[in-house]
Amino acid sequence: MAQEVKGVIARGKGQPVELTTVVVPDPGPGEAVVKIQACGVCHTDLHYREGGINDEFPFLLGHEAAGVVESVGAGVTDLAPGDFVVLNWRAVCGSCRACRRGKPWYCFSTFNAAQPMTLQDGTKLSPALGIGAFAEKTLVHSGQCTKVDPAARAAAVGLLGCGVMAGVGAAINTGGVARGDSVAVIGCGGVGDGAIAGARIVGASKIIAVDTDPRKLEWAKGFGATHTINAREGDVVEAIQELTDGFGADVVIDAVGRPETWKQAFYARDLAGTVVLVGVPTPDMKLEMPLIDFFSRGGSLKSSWYGDCLPTRDFPMLVDLYRQGRFDLDAFVSEEIALEGVEAAFEKMHHGDVLRSVVVF
């Protein structure tokens with residue numbers, strides 16, 4: 001039967017979040033109930049609260065999570081109660097045109113739970129990215145659960161559910177960073193630092209971090225940046241070229257997502273180099289550039305969706321690297337907070353005081 005748990009919701013645009021009672025139904029066919037152990041506070045949750053995603057209030061926030069499967073519905077054969085999982089918002093369908101082409105990381109028809117979670121009065125909740133993990137328990141599609149090493153720390157590996165995976169994947173999957181490459185990352189928050197860490201994992205020879213905040217540039221060094229550039233102190237394109245023998249970087253990753261940073265990325269890459277946009281622009285942003293520059297510089301201009309990750313492939317591999325001491329996921333966790341601290345965590349995020357606040361249950 002349905003369970004009542006505590007969860008954090010956003011009732012209306014720009015309103016402070018609220019801790020309330022959430023009703024979680026028993027899992028139906030293809031579904032699972034997961035007891036959440038930890039959930040990161042991501043910018044996307046703030047976008048939901050601000051109405052920047054859609055207006056389907058009230059939202060059950062939280063999506064960057066890890067926990068233990070409590071129960072599964074009919075037809076679920078690859079999960080069992082007690083499995084330790086990282087949640088993801090790309091439960092691939094296996095049958096859409098992207099999946100049929102052998103590119104499931106682009107799946108155009110991902111799964112979510114069919115049943116809604118509700119408030120006590122029956123009001124249906126919209127779970128953030130189909131997950132809703134700022135709650136003691138949540139209902140998801142079984143394909144949103146990826147089993148990983150149960151010895152891993154939930155507060156760290158849960159971050160693979162969104163921001164860290166987006167950054168790591170932007171470097172490894174989308175950008176195709178290879179051993180010996182030069183890489184520049186513009187924007188050194190959680191996603192940008194994930195890209196820096198990803199570039200280090202695959203053996204990039206030069207990793208250049210770009211930001212306007214000296215604190216973030218220092219943090220970037222800990223994730224593998226070999227050089228830093230403060231964007232307030234000079235021309236970013238010239239600085240990157242100077243560090244790469246005058247040519248530009250092989251891969252430049254824009255983890256900010258603004259027209260000015262994308263232009264910097266475009267002109268800071270080497271001829272035939274790669275630009276990866278992983279920062280999310282707002283709908284009103286526009287770009288105006290000479291078309292001849294696109295032709296004459298060649299190379300690849302890519303957008304990275306969720307780091308073009310395949311959770312069943314990437315999550316266990318990255319957790320194994322974490323357990324081996326080769327990927328410092330713990331360094332992304334700035335603080336551990338209670339469920340009541342989400343609104344304060346949003347405020348810290350505004351001021352750039354944290355990489356990730358993580359709700360721990």
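Helix α4, residues 163-174, is mostly covered in this predicted model. Of its 12 residues, 10 are buried. They are G163, V164, M165, A166, G167, V168, G169, A170, A171 and T174. The cover over these buried residues comes from several parts of the chain, including the strands β5 (64-72), β14 (249-254), β15 (269-277) and β16 (300-303). Helices also take part, among them α5 (190-201) and α10 (311-323). Just after α4, G176 adopts a positive phi of about 60°.

**Salt bridges**

Side chains of opposite charge can pair when their charged atoms come close. Over the whole structure, a search finds 14 salt bridges.

| Pair | N to O distance |
|---|---|
| D149 and R323 | 3.3 Å |
| R215 and D213 | 3.0 Å |
| K221 and E218 | 2.9 Å |

D149 counts as partly exposed because its relative accessibility is 26%. R323 is also classed as partly exposed, at 45% relative accessibility.

In the pair of R215 and D213, the side chains meet at 3.0 Å. R215 has a relative accessible area of 36% and is therefore partly exposed. D213, with a relative accessible area of 14%, is buried, because values under 20% fall in that class.

K221 and E218 form a salt bridge whose closest N and O atoms are 2.9 Å apart. Both residues lie in helix α6 (residues 214-223), and because they are three residues apart there, about one helical turn separates them. An α-helix has 3.6 residues a turn, so residues three or four places apart point the same way. K221 is partly exposed at 41% relative accessibility, and E218 is partly exposed at 48%.

**Packing of α5 and α6**

Two packed helices are described by the angle between their axes and the distance between the axes. The crossing of α5 past α6 is right-handed. On the α5 side, the contact is made by D193, I196, A197 and R200. On the α6 side, W219, A220, G222 and F223 take part. By class, the residues of this contact of α5 with α6 comprise five nonpolar, one polar and two charged.

**The loop at G52**

G52 is located in the loop between α1 (43-49) and β4 (59-60). Its relative accessible area is 58%, so G52 is exposed. G52 and T282 lie 230 residues apart in sequence, and their C-alpha atoms are 8.5 Å apart in space.

Note on methods: Residues numbered from 1 in each chain as written. Predicted model: local features only at pLDDT ≥ 70, side-chain atom pairs only at ≥ 80, totals over all residues. Heavy atoms only, no water. Buried < 20%, exposed > 50% of the residue type's maximum accessible area, 1.4 Å probe, protein only. Helix = DSSP H or I, 4+ residues; strand = E, 2+ residues; numbered from the N terminus. Contact = heavy atoms within 4.5 Å. Salt bridge = Lys/Arg side-chain N within 4 Å of Asp/Glu carboxyl O. Left-handed = near helix turned anticlockwise from the far one by under 90°. Nonpolar A, V, L, I, M, F, W, Y, C, P; charged D, E, K, R; others polar.
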